[in-house]
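Trainee: Please take a close look at one part of this model for me. Start with the surface, then go on to the charged pairs.

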Amino acid sequence: MIATVIRRELKTVIRTPTFALLTAILTAVAVGIAWFGGGVRAGYVPTTVDLLTPFELLVPVVAVAFGYRAILGDRRRGELDVLATYPVTGRELVVGTYLGRAIGLVAALAVPLTIVMVAIVASGDDLIPVYATHRGADSPILFVRFAVLTVFFAATILAVAVAVSAIASGTRSALALAVVLLIVLLVGLDLALVYGFTAGLVGDSTLIHSLAISPLSAYRGLVLETTVSVAAGAGPRIASPVASVVGLCVWTIGSLAVAAWAIER
Amino acid sequence: MSARLRWGWTTVGFAVVSVALIGVFAIDIESSTHEQVDFDNTVSVGLSLEEQYELEDDVALPRAQVFYSQYDYVVGYYGVERFVEHRRQPGHDQRFGYPLTVLVSDYSSVDVALTSDGHPATDADPGWIDAEDAHYVVGSQATTPSGGTVVPFSERADADTFADDHGGTVLDWEEVLSERFDIDDAALVGERVSDDHRDADERTEEADTLLDRPVSIVVGENADTVQEAIDDAPAETTVVVPNGTYAERLEVDRPITLAGATDATIDGGGDGTVVNVTASDVAITGLEITGVGNETTGTDDAVAHDHGAPDDEDEGDEDWDEEFVDHYAGGNAAIATSGADGALIENVEVQTPANGIVLYRSDGAVVRNVSVEGHEIWQRGAAGVFALYDPVVIENSTLTDGRDAVYTHRANGAVIRNNELSDNRLGVHVMHTSDLLIADNQMDGQDNAGVYVMTGPERIALIGNEVRNASVGLTPGGTDSYVAENVLEANDVGLRTDATSSIYERNVIAGNGNGIESRELLPTNRVTENDFVGNRDHAMAIGGPIRIWTHDGVGNYWQGAVGLSDGETIDRPHSPTDPVEERLHMTDGTATLAQAPGLDVRSGLEGVAPGMRSGHVVDFEPSCEPRNPELLERTDWSEQAWACDERYPT
Amino acid sequence: MTLIDVRGIEHSYGTVPVLDDVSFGVRSETVTAIIGPNGSGKTTLLRLLAGLHEPTGGSIDDHTSDGVRRIGYLPQQPAFRPGFSVHETLSFYTSLVGADDDEVIARLERVGLEQAVNLRVDDLSGGMTRLLGIAQATVGDPPLIVLDEPVSGLDPQMSLHVFDVISEIAADGTTVVLSSHHLELVERTADDVVLIDDGEVVAHGSPDELRDELGVESLLEVYEGAVTGSADAVRVRGEHA
């Protein structure tokens, strides 16, 4: 049942030129930044550092674009009503829709990440051959970690966007909700954390866990903790990986639950 | 395929992918170990080439090889203590990352004794051992040429035995890391400049007393020839040379003062060296010397040959450079001294197709107010003043048209100041000379470089020089150099930083093709408070990891750097190697482009993991206004050095 | 045999009452038409029958047997995922009930769309879209299908065809409940007619019974006689739902 819904979503993703365009833009930006920032020639970790902040901004935008009308379309066409007469539950519909779109989103991210990784592999630094060299703490595995975390992050934002698409009643309200969502995600939650921290609502000992409240901070913390700090060495802990993963999972599952509730309402 | 089977496969595939993805995070990247490499293939620090040559064959200095997380080359340290101190420097981690693996020499694997210099001598090459597993003897009599050194052993018992024999205490790695070691670094070199000047003043004052000797002979009155007068004059007296031209070649082998009148010329007739000085405390003043032979390289009557074998007091391969010295110092000269400790050569005018003045093993000799005019085609000339083996003072002299205006070879501690050096190939050519002070010289029109430091010496101070119209203004080399308050203008390259662990501060680098060309492999230099104005490219970096030219919150002034400012520093990093930012001072509109969010984000983050990013220079605290306005006034560029909050002057 | 018993249902959206004490039965394997003016509550009634909402009062007794799909539903303006072909669209619905590709073709043949199998749904005419919607409604062979205005906006010939298809479906043993303003076709096709006005049932019976009851010649006259109020005043009751 879910597979059927996934297939339908995938077809939609493939047939929507906007998604191909988004993939192309994301690829152009990622490759451009990695190339002109010199990260490609420097290695995997510098490239990760170069891409992290742009991705924090771009990935949510792309993920929201992939998801904010996913269920809304079915609702507006009356297909949700039709589907209610079929033996498929709202939960299955949400999960199927989400997974279908997520597969498309993963592909949209895989294209730029793969190209960048191949570019790093292909273009080494110009090292002076008389000296002994080693790769330091740099490793393709670190970049793969970054890629996996980016996909995880994108999948979380997509879930929130799918929830928006299930709640919204019209295209315009969905767009408005999506914009509000982006502002909250990109700025609002981090600002709230900053406020909470400075106002003393979030204590010194709990900040590292509280970071997981904001998907953006959770993602940033995970990337810094599992890739960048491996090369940069010791210091105050950057993030709590467990809390961050839990944070992202809660956002994902919670959003999908909201979407399912909105459909069955 | 049935739906059930398909689901089964899907589930299996999903599980495999999940495990792989989680596995990516489970792999422990940090614990990867590194195999030792041949130390000769490391980027090494802590020993100059000269010191290396002088070591006896069986000496094996304690060494460390370090694999950093963000540095592609393996770094080799002579002396574990040098690594410890190096690691303590601010910005070290930012540039290199942290050490993934440290290997140190293992003296348990060999028999070790100390030479009379305290250098560890062994019967074989010590092997390598992980630093964390070693036991260290700290504070023993063991030394490297730079001073006391830490000796590592894999076996605790060997360390105890060594400490019993040679003193010191046995520590483990963590304790060694928190020890403090005295290493002469560039900051000390800078602090020592005034001492060096004072020492040089004392030397010159002492030399001045040679001018107060009573006159014993006047050539033409008490003697027929100058040589006769020299031979007849009692020690510690003055031989006066009245006006006139004397066609003679002289040998001064007694401590006398040879004083020319207002217009006295010695003419060597174009064959060989004109004046040979072989005694200490000789003074030559007020002469014009012409007719120098045109041999620029060693021949049968080469100066070095006149003095037999090098003295054997010092141990080691003292004579490794004999052939070299025969070749280069063996050419003809207007005045050649050998063993003339404390000699003074003053107010001498020289015209020479070969060397001007050669100072060979003449400790404390002073050259002052001398003018040497070399061959108009420098390829056929030689050195204006050539100093070998001992510290000398060269000051207030005018040296033109030579191959090298001043050439030092193992003249550790020499002082070269207040000279005018023009139209030579090199202004000052430094070979195997450490602890050199090159100050307040005016250099113009050097074909190659104003100052070129070769062979990796240590602790050279380059201060207050002005270099113009050279191919390269200054090329400091080696380690722990102090380069400050120089004005480098209108050169193809202002400053080429081959030297590492060095300080480059308060220089004005204006109107050059490339302001700084950063070529060192180890990013250990401190580059602050310099003013970059009107260079085509303010800075470029060739190879090596990112350079961070900020120290203790102080950066440099970059003409054209943009950003908000509190009037002192600009709040946004400046990267003079960035393809857009490097043109900020040249191209209208770049200021807007450079502050585009996409580019801004990038430059802001480069500091997070910069080590592996090669060929870049970043200043995190660029200065709003020029740091050295007074020096800048001496260039044509002070008008162009607008503050960051001013508009481009039209 | 009565398949559905509607017993005194009431429904309101917030404080706006739409249906008030509506009762009637739907006989098995017949066509029941709901007619009435715009805003009388037809769509709401059909949605309640299709199980899309719960009535706020009363009950709908459902005697359908447990199948893979209980009720088929055609919304008033059916639409489908843009970019999909007719075949893909229907095959999505059939695979939801576990049926295979043959079923897709069979459904399309039944509504006369077999020629359009490779057309994109965006390129279909209004009538073809409606037929595809009806095909969709029959997927999984539900015992009851609910069709909301299956011919609104269609030309007479297409309307005729659609009603023919509906008759065939009913003849094959499926109970059909539909709403329509096309009274002639309703009169020709429907076994029972429920006339509602202002949320209440004002007449119920076969077309013959209704004509006899009122002594008129056509369903149109029945309608005109039963519906209160003037044609000049437009009602708004519940139509926004």
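Mentor: In this predicted model, A:Leu175, A:Val179, A:Ile183, A:Val187 and A:Leu191 make a nonpolar surface patch of about 440 Å². One of them, A:Val187, sits in helix H9 of chain A, residues 171–198. A:Val187 has 41% relative accessibility, so it counts as partly exposed.

Next, helix packing in chain A. Helix H8 (residues 140–167) packs against helix H12 (residues 241–264) at an angle of about 20 degrees. Their axes are 8 Å apart. Angles under 35 degrees count as roughly parallel, and H8(A) and H12(A) are therefore roughly parallel to each other. The crossing of H8(A) past H12(A) is left-handed.

Now the charges. Over all chains, the whole structure holds 47 salt bridges. One pairs B:Arg82 with B:Asp480, with the closest N and O atoms 3.5 Å apart. This pair links distant parts of the chain, 398 residues apart. B:Arg82 lies in helix H3 of chain B, and B:Asp480 in the loop between strands S38 and S39 of chain B. B:Arg82 is buried, at 9% relative accessible area. B:Asp480 is buried too, at 3%.

B:Glu505 bridges to B:Arg506, at 3.3 Å between the closest N and O atoms. B:Glu505 is buried at 11%, whereas B:Arg506 is partly exposed at 24%.

In chain C, C:Asp61 and C:Arg7 form a salt bridge, with the closest N and O atoms 2.7 Å apart. C:Asp61 is in strand S4 and C:Arg7 in strand S1, 54 residues apart. C:Asp61 is partly exposed at 25%, and C:Arg7 is partly exposed at 44%. Salt bridges with shared partners also build one network, its members including A:Arg8, A:Glu9 and C:Arg81.

Note on methods
Residues are numbered from 1 along each chain as its sequence is written. Chains are lettered from A and ligands numbered from 1 in the order in which they are written. This is a predicted model: local features need pLDDT of at least 70, side-chain atom pairs count only at pLDDT 80 or more; totals for chains, interfaces and linings use all residues. Side-chain values use heavy atoms; hydrogens and water are left out. Patches are made of residues with over 30% relative accessible area and no salt bridge: like charges are joined within 9 Å, nonpolar side chains (Val, Leu, Ile, Met, Phe, Trp, Tyr) within 5 Å. Accessible areas come from the Shrake-Rupley method with a 1.4 Å probe; for residues, only the protein chains shown count as cover. A salt bridge is a side-chain nitrogen of Lys or Arg within 4 Å of a carboxyl oxygen of Asp or Glu. Helices (H or I, at least four residues) and strands (E, at least two) are DSSP runs, numbered from the N terminus. Buried means under 20% relative accessible area, exposed over 50%, partly exposed in between (1.4 Å probe, protein chains only). Axes are lines fitted to C-alpha atoms, for helices over the stretch in contact, and angles run from 0 to 180 degrees between N-to-C directions. Angles under 35 degrees count as roughly parallel, over 145 as roughly antiparallel, 65 to 115 as roughly perpendicular and the rest as oblique. A crossing is left-handed if the near helix is turned anticlockwise from the far one by less than a right angle, and right-handed if clockwise.
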